[in-house]
Amino acid sequence: MPTLKLTYFDFHGGRGEPARIALSIAGIEFEDVRVRFPEWAALKPLTPFGSIPTLEVDGEVLAHSNTINRYVGRLTGLYPEDALQAAFCDEAMDAIEEATALVSATMGIRDPIALKAAREALLEPLTRALRNIDRRLAARGDFLADGRLTVADLKAFVWLGDLASGRLDHIPANLCEEVAPHLHALKGRVADDPRVRGYHARVRGAAT
Ligand SMILES: N[C@@H](CCC(=O)N[C@@H](CS)C(=O)NCC(=O)O)C(=O)O
């Protein structure tokens, strides 16, 4: 197994958390580097694309969350071997990434009125993304690909947790529940997976 160092912000969510969960539940050792927000400005220019997560693999640095998720998925057995199922997995992760980028673009808005307007403008595209992914999930069964837990489900789980966290002002915490019932059920299914429950029991209280 390669030596792995995963670098991401110090909270239980966002683009780096699915890889943390995947590696942890597979019992694969990795250095879990958690960046505090004040440390980020100094680190940013040292990353390949000015963003995190990054995953160092025997000294080679990988960037972009879905690249990392696929790589980690292959290491952990949480990425489909079948080409079509792998494409289903990728499609879901790319769709979530597109929706995540919409929200990310509003993260730096400091003016409360501008933030409210930007977040309210997100409701329509976010609802559309949730409904679209929900329809794909409904067509495929209990999981987004391969009929079993994959990194796509972990990415969906973390994304939906972020949306429902109440940390995103002006995004109703129950949006997924209201518009995407299959995804909402998937979130519960992943949370109830004994491996994921074990992960949360281990990390609870370690970070916010
Ligand atoms: N497409 C990239 C986007 C990464 C990204 O924007 N990460 C955010 C955190 S979730 C970040 O590094 N923000 C700080 C910044 O851009 O300065 C990915 O999927 O990893």
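Author: Let's start with glutamate 31, which counts as exposed because 10 other C-beta atoms lie within 10 Å of its own. The cut-offs behind that word: 20 or more other C-beta atoms within 10 Å make a residue buried, 12 or fewer make it exposed, and anything in between is partly exposed, with C-beta atoms placed from the backbone. Keep in mind that this is a predicted model, where local features need pLDDT of at least 70 and side-chain atom pairs count only at pLDDT 80 or more, while totals for chains, interfaces and linings use all residues. Residues are numbered from 1 along each chain as its sequence is written.

Glutamate 31 is in strand β2. Helices here are DSSP runs of H or I with at least four residues, strands are runs of E with at least two, and both are numbered from the N terminus. Setting aside residues up to four places away in sequence, glutamate 31 touches Leu4 and Lys5; touching, or contact, is when two C-beta atoms, placed from the backbone, lie within 7 Å. Leucine 55 is 24 residues away from glutamate 31 in sequence, and the two C-alpha atoms are 9.6 Å apart in space.

Aspartate 58 is called exposed because it has 9 C-beta neighbours inside 10 Å. Leaving out neighbours within four places in sequence, its contacts are Pro2 and Thr3. From aspartate 58 to glycine 73 is 15 residues along the chain and 17 Å between C-alpha atoms.

Now for something at the other end of the scale. Helix α1 (residues 17–25) is mostly covered, with nine of its nine residues buried. Among them are Arg20, Ile21, Ala22 and Leu23. After α1 comes glycine 27, with a positive phi near 70 degrees.

Ala22 takes us on to the core. It is one of the residues with the most contacts inside the largest nonpolar core, which has 46 residues. Such a core is a set of buried Ala, Val, Leu, Ile, Met, Phe, Trp, Tyr and Cys residues joined through C-beta atoms within 7 Å. At least two core residues come from each of β1, α1, α3, α4, α5 (112–140), α6 and α8 (181–192), and α6 gives the largest share, nine residues. Domain 1 (4–78 + 195–203) and domain 2 (83–192) both contribute, so this core lies between them. Leucine 183 is also on the list of residues with the most core contacts, and beyond four places in sequence it touches Leu130, Ile133, Asp134, Leu137, Ala156, Leu160 and Cys176.

The domain bounds themselves come from an automatic or database domain assignment. The C-alpha centres of the two domains are 19 Å apart. Their contact takes 15 residues from domain 1 and 16 residues from domain 2. On the domain 1 side, α1, α3 and α9 are the elements that give two or more residues, and α3 gives the most, with five. That side divides into six nonpolar, six polar and three charged residues; Ala, Val, Leu, Ile, Met, Phe, Trp, Tyr, Cys and Pro count as nonpolar, Asp, Glu, Lys and Arg as charged, and the others, Gly among them, as polar.

Helix α3 turns up again at the ligand: α3 and α4 (83–104) each supply at least two residues of the shell around it. Among the residues surrounding the ligand are Arg15, Lys44, His64, Asn66 and Glu97, where being near means a C-beta atom, placed from the backbone, within 6 Å. The shell divides into two nonpolar, seven polar and three charged residues.

Zooming out, the protein chain has nine helices and four strands. Buried residues make up 33% of its 208 residues. The radius of gyration is 17 Å, which agrees with the value near 17 Å for a compact globule of 208 residues; it is taken over C-alpha atoms, and the globule rule is 2.2 Å times the number of residues to the power 0.38.
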